[in-house]
Amino acid sequence: MRRISAILLLMMFFGVSCKDKSAPKEAEATQETEVVKEVVETPKTYAEISIAEGGEWIDGPRDHKEYSGGTSFKNVTSLKVPEQHTDHSWYIRYEGPGWESSKVGYRLYLDWRNAIDIFGKVTDEMVLSQVGQDGFDSYHELQSWGMDILKAGKSMGIGSLGRYDGTEVLHFNEVDSTFANVENMANMSVVNVDYFGWKTMDDKIDLKSQLSIQPDSRMTKHTMTPSKAISGICTGIVKFDGIDLIQKESDTSDWAYIATYGEQSLVPDNLGMAVFYKKSTVEQVVEGPHDHLVVFKPTTEAVSFYFLGAWEKEKDGITTKEGFLTYLDGLLSELNNNTL
């Protein structure tokens, strides 16, 4: 009997010991299953403005100033453009603010030209933070992310603003001051530009410009608000020899577009460009010396239009004129049905 009791006691002792030794492992396993890994969501749109630092303003060629000896760039959310800043001053990285989606990137020359250029992308990742870090001319050659694909020349590029005087487009040669800021939100990125004292002909006005882009879209929405109702404020698409203008509008719908398609990139290869506008806001569509122009009616109300570039080398890009026109017609239908 004593032997049986001793055996039972030994069995209980070893049972408890074994259970105690396994408890930490069970607890450890439980803790491992409760670990939640942080999910980092990649941005779907991006806007920035980046300025040089570490240098100084010096006299440059053509009687204008240059920012010389810059050691690095820093991103800022807002900027008052220095009075001495002009084209090729080397002060603002890639010469102005930029904005992008997974499809395409754009930049605004934040100087007297006030033209908008296109960055063609071969990736769907956000790339603007890399552009121009190694020199102002590098993005004119194909990089791992893509390249600058549009030669704006004396035009407004695509979707920018100017004033048509009946003969030529007047740019932003005379402006008292210019302010720009950028915003990055979950569902869009925005560039705001305020021009104070823009002088053309006998008029001097303030002008607000807002450029916004949404995820997975090629389209930029451009909203402009003048302080005074003047004639001739316009937007457009740069003209190239041998590239025909395409127009589409409907008698029963308000939205319409102008577009071009063909070998009109710097590569050169196929590039499609388009501007969508409300007919009720437009005075005329006309040919300027360097642009296909959409001229707006005089107003002090906010006026919105859209523009886009579609490069054949972009990821899953549009590679034919027929495909581009089908794409544009789909967007036009969405605009006219208020579903965009």
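So, serine 265: leaving out residues up to four places away in sequence, it touches Ile149, Leu271 and Trp311, where a contact means heavy atoms within 4.5 Å. Serine 265 sits in the loop that runs between strand S18, residues 255–263, and strand S19, residues 270–278. With a relative accessible area of 10%, serine 265 is buried; buried is under 20% relative accessible area, exposed is over 50%, and partly exposed is in between, with a 1.4 Å probe and protein chains only.

Before I go on, a word on the model. It's a predicted one, so to speak about local features we need pLDDT of at least 70, side-chain atom pairs count only at pLDDT 80 or more, and totals for chains, interfaces and linings use all residues. Residues are numbered from 1 along each chain as its sequence is written, and side-chain values use heavy atoms, with hydrogens and water left out.

Back to that loop. The side chain of serine 265 makes a polar contact, at 2.6 Å, with the side chain of aspartate 269. By polar contact I mean a pair of N or O atoms within 3.5 Å; within protein, one must be able to donate a hydrogen and the other to accept it, and residues adjacent in sequence count only if both atoms are side-chain atoms. Proline 268 belongs to the loop between S18 and S19 as well, and the peptide bond joining valine 267 to proline 268 is cis, with omega about 0°.

Now, helix H2. Buried in H2 are Phe324, Leu328, Leu331, Leu332 and Leu335. Looking down the axis of H2, the buried residues fall within an arc of 105°, so they line one face of the helix; that arc is taken from the directions from the helix axis to the C-beta atoms. Turned away from the buried side is the face with the exposed residues Glu322 and Thr326.

What covers the buried residues of H2? The cover includes strand S17 (246–248), S18, S19 and strand S22 (303–311).

A few positive phi values next. Asparagine 338, which follows H2, has a positive phi near 55°. Aspartate 316, in the loop between S22 and H2, has phi near 55°, positive in a residue other than glycine. Aspartate 316 is exposed, at a relative accessible area of 68%. Asparagine 114 also isn't glycine, and its phi is near 50°. Asparagine 114 lies in the loop between strand S7 (104–108) and strand S8 (116–121), and it is buried, with a relative accessible area of 1%.

S8 and S9 are antiparallel over three bridges, and glycine 120 has methionine 147 in S9 as its bridge partner.

Another open sheet has five strands, antiparallel, ordered S11-S10-S16-S21-S20. Its edges are strand S11 (169–170) and strand S20 (282–287); each has a single partner strand, so one side of each is left without a neighbour in the sheet. A hairpin of three residues takes S20 into S21. S20 and S21, residues 291–296, pair in the antiparallel sense over five bridges, with glutamate 287 opposite histidine 292 in S21.

And the whole chain, to finish. There are two helices and 22 strands. Of the 340 residues, 48% count as buried. Among contacts with a separation of 6 or more, 61% come from residues 24 or more positions apart.

Definitions and conventions. Helix = DSSP H or I, 4+ residues; strand = E, 2+ residues; numbered from the N terminus. Pairing = 2+ DSSP bridges.
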